[in-house]
Amino acid sequence: MLLCSPFIWGLIFGVIISMNRNDFPLTDLSKGWILDLDGTLVVHNGYKTGKDTILPGVKEFFEKNIKPEDYVLIISARFSKFKGIAEKCLLDNGIRYDKIIYDTPRGERILINDRKPWDGGIDTAFSFNINRDDGLANL
């Protein structure tokens, strides 16, 4: 099956496992975070008013979980012509990221990765589906 090119990034990060954030142990290894933009980090379609708004718990989640050596990829179906609104909001709120990919399909995001063979096998990918505009406070 041929995957759309914007999803090729997913091949390096992991097998999707849906569970509660407290249900899995994280190693001390640096991480690759892949986050959606609209409805996850900022209010869905808020940019259409000319301004994005950070959702509850996003700043705290980043401060608590994302280390300086981690890689943060944000992915969005938002048209890239509106990227300035998103990037200003993230900058103004101190949300660090390495790259944002815009103009991706609106459908499911599929993540596939291998399991590390150490210590009997280390799962290297986790997935969370959250309700739109709930933010990250409950993770």
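Predicted model: local features only at pLDDT ≥ 70, side-chain atom pairs only at ≥ 80, totals over all residues.
Strands, like helices, are DSSP runs numbered from the N terminus, a strand needing at least two residues, and it is in this sense that Asp133 is placed in the segment after strand 3.

Of its 139 residues, 34% are buried, while the chain as a whole exposes about 8800 Å², of which carbon and sulfur atoms supply 53%.

The 3 strands come together in an open sheet, in the order 1-2-3 and with parallel pairing. Strand 1, residues 32-36, and strand 3 are the edge strands, each of them pairing on one side only, and the twist from one strand to the next averages 20 degrees. In general, the strands of a sheet pair through backbone hydrogen bonds, and they may do so in a parallel or an antiparallel manner. Here strand 1 and strand 2 run parallel and are joined by 5 bridges, and within this pairing Leu35 stands opposite Ile74 of strand 2.

Helix 2, which spans residues 83-92, has Ala86, Cys89 and Leu90 as its buried residues. Viewed down the axis of helix 2, these buried residues fall within an arc of 95 degrees, and they therefore line one face of the helix. The face turned away from that buried side carries Lys88, Leu91 and Asp92, which are exposed. Among the elements covering the buried residues of helix 2 are strand 2, at 71-75, and strand 3, at 99-101. After helix 2 comes Gly94, with a positive phi near 70 degrees.

What, then, belongs to the largest nonpolar core, and which of its members touch the most others? This core has 20 residues, and Leu37, Leu41, Val58 and Phe62 are the ones that touch the most other members. Strand 1, helix 1, strand 2 and helix 2 are the elements that give two or more residues to the core. For Leu37 the surroundings can be listed in detail: once its neighbours within four places in sequence are left aside, Leu37 is in contact with Val42, Ile74, Ile75, Ser76, Arg78, Ala86, Leu90 and Tyr102.

Asn45, with a positive phi near 60 degrees, is situated in the loop between strand 1 and helix 1, the latter being residues 58-65. Is Asn45 buried, exposed or partly exposed? Its relative accessible area is 29%, and since buried means under 20% and exposed means over 50%, Asn45 is partly exposed. Asp133, which likewise is not a glycine, has a positive phi near 65 degrees; Asp133 has a relative accessibility of 29% and so counts as partly exposed.

Methods:
Residues numbered from 1 in each chain as written. Heavy atoms only, no water. Buried < 20%, exposed > 50% of the residue type's maximum accessible area, 1.4 Å probe, protein only. Areas by Shrake-Rupley, 256 points an atom, 1.4 Å probe, with all protein chains shown as cover. Helix = DSSP H or I, 4+ residues; strand = E, 2+ residues; numbered from the N terminus. Arc of directions from axis to C-beta. Contact = heavy atoms within 4.5 Å. Pairing = 2+ DSSP bridges. Axes fitted to C-alpha atoms, helices over the stretch in contact; angles between N-to-C directions. Core = buried A, V, L, I, M, F, W, Y, C linked by side-chain atoms within 4.5 Å.
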